[in-house]
Amino acid sequence: MCGIVGLYLKNDALRPELGRLFRPMLEEMTSRGPDSAGVAIYRDPVAEGSTKYSLAHASGDHDWQALADDIASACAASARARPIDTHAVLISDADEAQVRARLAEHHPDVRLVGSGRSVEIFKETGLPKDVYSRFDLDRAEGSHMIGHTRMATESAVTTAGSHPFATGADLCLVHNGSLSNHNRLREELVRRGLSFQTENDSEVAAAYLTWKIRQGVSLTRALEDALDDLDGFFTFCVGTSEGFAVLRDPIACKHAVLAETDDWVAMATEYRAIATLPDAEQARIWEPRPSTVYSWGDTGLEVDALAGAHGAALENARSGTADNRQAVTRTPH
Amino acid sequence: MHTDDTPRTLPRHSATFDAYTTSEIRRAASTGLYEIRGAGAKRALPHFDDLLFLGASISRYPLEGYRERCGTEVTLGTRFASKPLELKIPITIAGMSFGSLSGQAKEALGRGANAAGTSTTTGDGGMTPEEREHSRLLVYQYLPSRYGMNPDDLRKADAIEIVVGQGAKPGGGGMLLGQKINARVAKMRSLPEGIDQRSACRHPDWTGPDDLEIKILELREITNWEKPVFIKIGGSRPYYDTALAVKSGADVIVLDGMQGGTAATQNVFIEHVGQPTLACIRPAVQALQELDMHRKVQLVVSGGIRNGADVAKALALGADAVSVGTAALIAMGDNDPRFEDEYRALGTTAGAYDAWHEGRDPAGITTQIPELASRLDPIAAGRRLTNYLKVMTLEAQTIARACGKNHVHNLEPEDLCALTVEAAAMARVPLAGTSWVPGT
Amino acid sequence: MNTLDLGTLGLREVNRKLNSLDPGANEREFRIENPMGGHAIACGLTLPLNVAIAGHVGFYCAGMNQQAEVTIHGHAGVGVGENMMSGTVLVKGNASQSAGATAHGGLLVIEGDASSRCGISMKGVDIVVGGSVGHMSAFMAQTGNLVICGDAGEALGDSIYEARLYVRGDIESLGADCVEKEMAPVHLDSLTELLQRAGNKTNPAEFRRFGSARTLYHFDIDHADAY
């Protein structure tokens, strides 16, 4: 299956170190996931009205400049591309729907891996340490990052099958576990207009969240609904523009651990991935409870959508930095 | 209007609601209990009988019997262990518990396997001193229940077999009913005497191949990295399971198809969950080949292995060895027609007796009742088992020589053809008389 | 006191050193440094050693422990003391899921909280938890004692056999066939002794006892819901 990790820096002074701090977290999870690796890094937010697109191509020498020029002229806007290994980050102030349409029609061999104002997603087959180097992440600066190392269970080891999977603007998902009803759910989501690149169960979970959020539901509510609609074992870490969220299924067999200091909040499938962070020994360490959405960021989650239909109880954060963390427990039926 | 002269159509039984099915409906309605029994899937399934070997011809030359050697030895556990298992024959004895079998039966299995130069395996109940004493090579099962599990026995074992599932019930746990939980069995399993044992279907402290890798690390640390670690899986998703077992760090994979027996489980589980053994082998071998691990991580196939032809065919499809459970019991005397009167008294007949969970086996094998268990002479039964294993080995060698092989491992899929479309598709060999392999 | 630095020696060497001691030797006290959340640390010990681990450990620490006293000065990952046979395992911080899983004997003390499945399938071990335990604790617990000074999560003692549970705080829900039972003097004495052995000063009089209703000991279709 997998290893998942997430790091959110509370202390701005550490932002230049994000990439350096994150590497050992990802590498510690190599034995859990030797097949492929991926990260989503949140950095360098673009101005309002612009969008960043993470793109990937099978070859390492795709003509990204030509693609940027094409987008610029087709959408009558500005566009520039920064290539990194097999990926590129395209920034454009064009209308997003137009850009997506143009990419789909005129650049079908380019995969749209993610989009938003600050997220950049990179993922490839190969050992985590090599994937990390290929995307020059040691020097990366930013506010937060989530990552994934993959041991493919029932689908192929391909780049497209790697996590993180984008689920909306600045939203992406990494998953440890194995769903059991994803095939029917995929069909239903296809009927509702979503498209898929793989047979992967995690891609279905990501698309489910995308679909929910497109309907105007908050991320927290979408994750709560996932407890009803997804069957199987899962620990999710969702990257958001503000930080990350964590959810475990009700049976909660797939391990997860959270840790927090004044400087950072981290999550990982195993503590040893967190052990390398500064002051890890003194950190508050705890396990996320099953069926409970945890999230961190500059602003809290929307809480209004939670009351009512699901009977969810809003639970005040357990001791900790209550101002920027809220936990919601879902009462099981 | 009918008179005695009017021709009538014959009374017609339904193929859907046949005699067996209707009797089962009546039984369920009467008792409110699902049917529990032993043994493996009994219905007709595509199996090795649907494959045939292509013996020597003008293009291929056979080996002479006796003088021209046809090797049968196999080593299990070459990947990581410092002390792999060296077997004289490519047939092992599958895991069967003391508890489901009598002490005498376990001793007989050990004696028989020893004399044939192969291994036996403990079952879901722990290791008995008799079985350790009488088996030169003993594989110790590590199951979800962890009954009787302890580090001393782990260190006394020659290999460790982590059981994820078995062919009779992939996804199910063990089951032993109260009538077989006598004082000794209860003590070994830390259970009260005479109650029904409920067993977990998942391991208590790991779920998934990523966590399994850590569990294997722990077991290797406890046993000083000496012993091969086997992973046993029921035939369900053999391609993915084999790849994941390799990635978790297995030395050997034991793959058990739906014909694989059990001491006791629900009949519905045995007959309707899991794939036929024949369908499991090629996908597992393909996974090994894609990971460049074929012959480096060994594959042991079980579930309905009955004779040397089955052995040879499993090896030809890519297995390194096979394992026998049900066949070993039959060799020792299970379901012998000489007990027919007693089978009738139990409401069954020789060859059909599978109520092993009731523990009243006339042959003394699947029972804990002392008067019945003492009917089995471990020395004589052990000798019968050795005879049977040797015959299977000779049969496999005969076939291999006829195909021109100096070792049974050199048998390959190209030595086979299939009699039916299903068997051709499952075994990925051509339908006889054609070059057609359905599904490829 | 022998100090073993896991960071420089590596897991194999640390465990090898601990498991290849002469039973007659005097070296009994060991300190393992830089555990860094590593797995299978000090597992399979067989001698009455005294091992202190200076920091947080990963999965299966002190697995299958015999006779040794292992103290973890930090938190423990999944399966601490799993299948232990004897001796003592002490976690100063919290323990993750499946603490003491299938353990046959000895004493497992967790001063903080334990997570889900604490004491799952326990087969004779005594477990004393200073804090709370998570869901499915004492699942299929066969025999032994589990003492919980804090609260218990959902489905406590589901499918329990003969193990005894003592709980001081609140229980989210009881599992199949697990019921409250009378606290007779013999149980109170047993609980008192368990708390004492664990160095825990909680008042035994504040606990309630739970165990098997024994209705699942023989299959009955009317109890099918419980399976």
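Before the points, one definition: helices (H or I, at least four residues) and strands (E, at least two) are taken as DSSP runs and numbered from the N terminus.

1. Confidence. Please keep in mind that this is a predicted model. Its scores are ipTM 0.96 and pTM 0.92. For chain C the average pLDDT is 96, and 97% of the residues score at least 70.

2. A loop residue in chain A. Take a look at Asp138(A), which sits in the loop between α4 (128–134) and β8 (144–150) of chain A. Is Asp138(A) buried or exposed? With 11 other C-beta atoms within 10 Å, Asp138(A) is exposed, because a residue counts as exposed at 12 or fewer. Leaving aside residues up to four places away in sequence, Asp138(A) touches Gly19(A), Arg20(A) and Arg23(A).

3. Chain A as a whole. That pair can be set beside the figures for the chain. Chain A contains seven helices and 18 strands. Of its 333 residues, 52% count as buried. If you take the contacts in chain A between residues at least 6 apart in sequence, 71% of them join residues at least 24 apart.

4. Two domains in chain C. The assignment divides chain C into domain 1 (1–96) and domain 2 (107–227). How far apart do the C-alpha centres of domain 1 and domain 2 of chain C lie? The separation is 26 Å. Across the boundary, eleven residues of domain 1 of chain C are in contact with ten residues of domain 2 of chain C. On the domain 1 side of this contact, the residues divide into five nonpolar, five polar and one charged.

5. Helix α3 of chain C. This helix (residues 185–197) makes a handy geometry check: at 1.5 Å a residue, its 13 residues should span 18 Å, and its end C-alpha atoms are 18 Å apart, so the two agree. The buried residues of α3(C) are Leu191(C), Leu194(C) and Leu195(C). They cover an arc of only 95 degrees around the axis, which means that they are on the same side of α3(C). What do these buried residues pack against? Their partners are β7 (123–129), β8 (143–148) and β9 (164–167) of chain C. The face turned away from the buried side carries the exposed residues Pro185(C), Val186(C), Asp189(C) and Gln196(C). After α3(C) comes Gly199(C), whose phi is positive, near 65 degrees.

6. Where chain B meets chain C. This contact takes 21 residues from chain B and 36 residues from chain C. Helix α6 (residues 209–222) of chain B supplies the largest share of the chain B side, with five residues. By class, that side of chain B has eleven nonpolar, four polar and six charged residues.

7. Where chain A meets chain C. Here the contact takes ten residues from chain A and 14 residues from chain C. The chain A side has five nonpolar residues, one polar residue and four charged residues.

Key
Residues numbered from 1 in each chain as written. Chains lettered and ligands numbered in written order. Predicted model: local features only at pLDDT ≥ 70, side-chain atom pairs only at ≥ 80, totals over all residues. Contact = placed C-beta atoms within 7 Å. Nonpolar A, V, L, I, M, F, W, Y, C, P; charged D, E, K, R; others polar. pLDDT = per-residue confidence, 0-100. Expected span 1.5 Å × (residues − 1). Buried ≥ 20, exposed ≤ 12 C-beta atoms within 10 Å, placed from the backbone. Arc of directions from axis to C-beta. Domains from an automatic or database assignment.
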